[in-house]
Amino acid sequence: MKKLVSVSIAVVSLLGMMSAVQADVKTYRTACAACHAYGAPGPKVGDKAAWKDRIAKGMDALYTSALKGTAKGMPPKGGRMDLSDAEIKATVDYMVAESK
Ligand code: HEC
């Protein structure tokens with residue numbers, strides 16, 4: 001019985017992780033891909049060279065850029081002010097993970 005409980009907890013937490021990942025991909029596709037999927041105007045997700053120097057600044061700097069925008073064309077929250085800070089950060093995590 002104990003074993004069954006821990007197996008089901010493992011399955012539930014795995015499913016939870018999977019849906020979190022899918023939510024990030026969905027946010028990326030709907031809110032960010034228009035500028036980040038082709039190399040212009042934003043750095044292309046998956047292009048390691050385009051992200052190397054950015055990733056080197058550290059995640060906090062990238063979160064701040066994504067949340068507050070940058071002078072070089074990244075709009076605050078990609079223009080999606082309806083998204084929470086946590087959703088934006090999770091999407092940055094996804095973009096960085098795909099780009100290194
Ligand atoms: C209207 C176009 C546009 C949209 C939409 C957009 N971005 Fe960007 N993004 C840019 C541009 C342009 C840059 C490069 C800005 C720079 O170098 O300062 C950028 C840069 C970034 C960077 C790197 C910032 C840095 O400090 O190097 C991150 C992280 C980022 N965007 C995340 C996102 C996320 C997350 C979304 C969706 C919620 C998003 N962007 C949507 C245009 C966009």
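**View 1. The largest nonpolar core.** The largest nonpolar core has 9 residues, namely Tyr-28, Cys-32, Val-45, Ala-66, Met-74, Ile-88, Val-92, Tyr-94 and Met-95, where a nonpolar core is a set of buried Ala, Val, Leu, Ile, Met, Phe, Trp, Tyr and Cys residues joined through C-beta atoms within 7 Å. Helix 1 and helix 4 each supply at least two residues of this core, and its largest share, 4 residues, comes from helix 4; helices are DSSP runs (H or I, at least four residues) numbered from the N terminus. The model is predicted, so that local features need pLDDT of at least 70 and side-chain atom pairs count only at pLDDT 80 or more, while totals for chains, interfaces and linings use all residues. Residues are numbered from 1 along each chain as its sequence is written.

**View 2. The two sides of helix 4.** Ile-88, Thr-91, Val-92, Tyr-94 and Met-95 are the buried residues of helix 4 (buried means 20 or more other C-beta atoms within 10 Å of the residue's own, exposed 12 or fewer, with C-beta atoms placed from the backbone). Seen down the axis of helix 4, these buried residues fall within an arc of 160 degrees and so line one face of the helix, the arc being that of the directions from the helix axis to the C-beta atoms. The face turned away from the buried side carries the exposed residues Asp-85, Ala-86 and Ala-97.

**View 3. The shell around the ligand.** Helix 1 (2-36), helix 3 (59-68) and helix 4 (85-98) each supply at least two residues of the shell around the ligand, to which helix 1 gives the most, with 5 residues.
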